[in-house]
Amino acid sequence: YHLNTVVDRIFSGIQPTGTPHLGNYLGAIQNWVNLQEECSSVLYSIMDMHSLTMPKEPAVLRQNILDTTAAILACGIDPKKCFLFRQSLVPKHAELAWILGCLTNVPRLLRLPQWKMKRASQNNEGTVGLLTYPVLQAADILLYKSTHVPVGEDQVLHLELAQDIAQHFNKKYGEFFPVPKAILSTTKKIKSLRDPTVKMSKSDPQKLATVNIADSPDEIVLKFRKAVTDFTSEVTYDPASRPGVSNLVSIHAAVTGLSIKEVLHQSAGLDTAHYKMVVAESVIQKFAPIRNEIKKLQEDKSHLIKVLEDGAEKAKELAAPIYQEIRRLVGFQ
């Protein structure tokens, strides 16, 4: 393999927020499982460095990294078919981020919506890390000369930044990085069960808003029973005027693998109260085996640590010659 050959390579990352919720699973992890079968070079990273952009307790972060790893493995990510590793175990991510940061102008970063939004939650102070983490994301991707990146809608602008940085580098130092392309998730954004106008989120203060993939059957039933719908009892799909019921239909379709049309056909004649139980049941069915596997994996902490360390060794090996060449190009060597 010559350094300038473009290999199809997928890179994606997940923040270690503990056990993922339904939206994470349907929006990203399920897609990851399929991609590892389709592409011969796939890297999945637990983004512990990105985690520090919002305040974290060290003990919580430590636990979250293990829980996220257990969940990803339980969902079917196979370390034999991809490199699964912790970002901070590959120091070259940060080294490349410095070089790329020196090619990125500040006004561009200040315009990114994530910065404006999250800065508000830090009393409008906003740390350097929060401002520049999109540059670290670009380094995450480009360090391996990745060609494709699965992203959700909320990260499209950050991938565009990575594309621009790659082109800027190529213009300055000669063609080197492939310009990475987005693989957009086809799943509709899963919304909060308590407020179907916002996406389902781990940090939602309302406990009933978010279904975690390790929730017990009772918890799942309760959350769906209390899901916010409207005063029409018929089951239809119309996200604009009936966001609550439409979100249930989206979830039902996503966990069963059926189309929206097929799901509506199956539930013809059901009122929304009964339909909620149908959806809850399909979610329980889907996640029962995953939930058992998560519990098993969580008991073997040393196995989880080893998986991440082995993955990091492989990632380092892949990155080393690429980073050597970057050093040469910029004049460090």
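**From a surface loop to the nonpolar cores**

E153 lies in the loop that runs between strand β4 (148–151) and helix α8 (156–173). The model examined here is a predicted one. With a relative accessible area of 56%, E153 is classed as exposed, because the cut-off for that class is over 50%.

When residues up to four places away in sequence are set aside, S282 touches H252, V255 and T256.

The nonpolar interior may be considered next. In soluble globular proteins, nonpolar side chains tend to be buried together. In this model, the largest nonpolar core comprises 54 residues, and L22, F224 and V283 have the most contacts inside it. Two or more residues of this core come from each of the following elements: the strands β1 (10–14) and β2 (42–46), and the helices α1 (22–38), α3 (58–74), α9 (217–225), α10 (243–256), α12 (272–298) and α13 (301–330). Helix α12 makes the greatest contribution to this core, giving nine residues.

What surrounds F224, once its neighbours within four places in sequence are left aside? F224 is then in contact with L22, L193, V211, L248 and I251, and also with K276, M277, V279, A280 and V283. Two of these partners, L22 and V283, are themselves named with F224 among the residues that have the most contacts inside the core.

Two packed helices are described by the angle between their axes and the distance between the axes. For α6 (residues 113–121) and α7 (residues 128–142), the angle is about 155° and the axes are 10 Å apart. Because angles over 145 degrees count as roughly antiparallel, α6 is roughly antiparallel to α7. The two helices cross in a right-handed sense. On the α6 side, the residues that meet the partner helix are Q114, W115, K118 and R119, while α7 presents L130, L131 and Y133. By class, the residues of this contact are four nonpolar, one polar and two charged.

Note on methods:
Residues are numbered from 1 along each chain as its sequence is written. This is a predicted model: local features need pLDDT of at least 70, side-chain atom pairs count only at pLDDT 80 or more; totals for chains, interfaces and linings use all residues. Side-chain values use heavy atoms; hydrogens and water are left out. A nonpolar core is a set of buried Ala, Val, Leu, Ile, Met, Phe, Trp, Tyr and Cys residues joined through side-chain atoms within 4.5 Å. Buried means under 20% relative accessible area, exposed over 50%, partly exposed in between (1.4 Å probe, protein chains only). Helices (H or I, at least four residues) and strands (E, at least two) are DSSP runs, numbered from the N terminus. Contact means heavy atoms within 4.5 Å. Axes are lines fitted to C-alpha atoms, for helices over the stretch in contact, and angles run from 0 to 180 degrees between N-to-C directions. Angles under 35 degrees count as roughly parallel, over 145 as roughly antiparallel, 65 to 115 as roughly perpendicular and the rest as oblique. A crossing is left-handed if the near helix is turned anticlockwise from the far one by less than a right angle, and right-handed if clockwise. Ala, Val, Leu, Ile, Met, Phe, Trp, Tyr, Cys and Pro count as nonpolar, Asp, Glu, Lys and Arg as charged, and the others, Gly among them, as polar.
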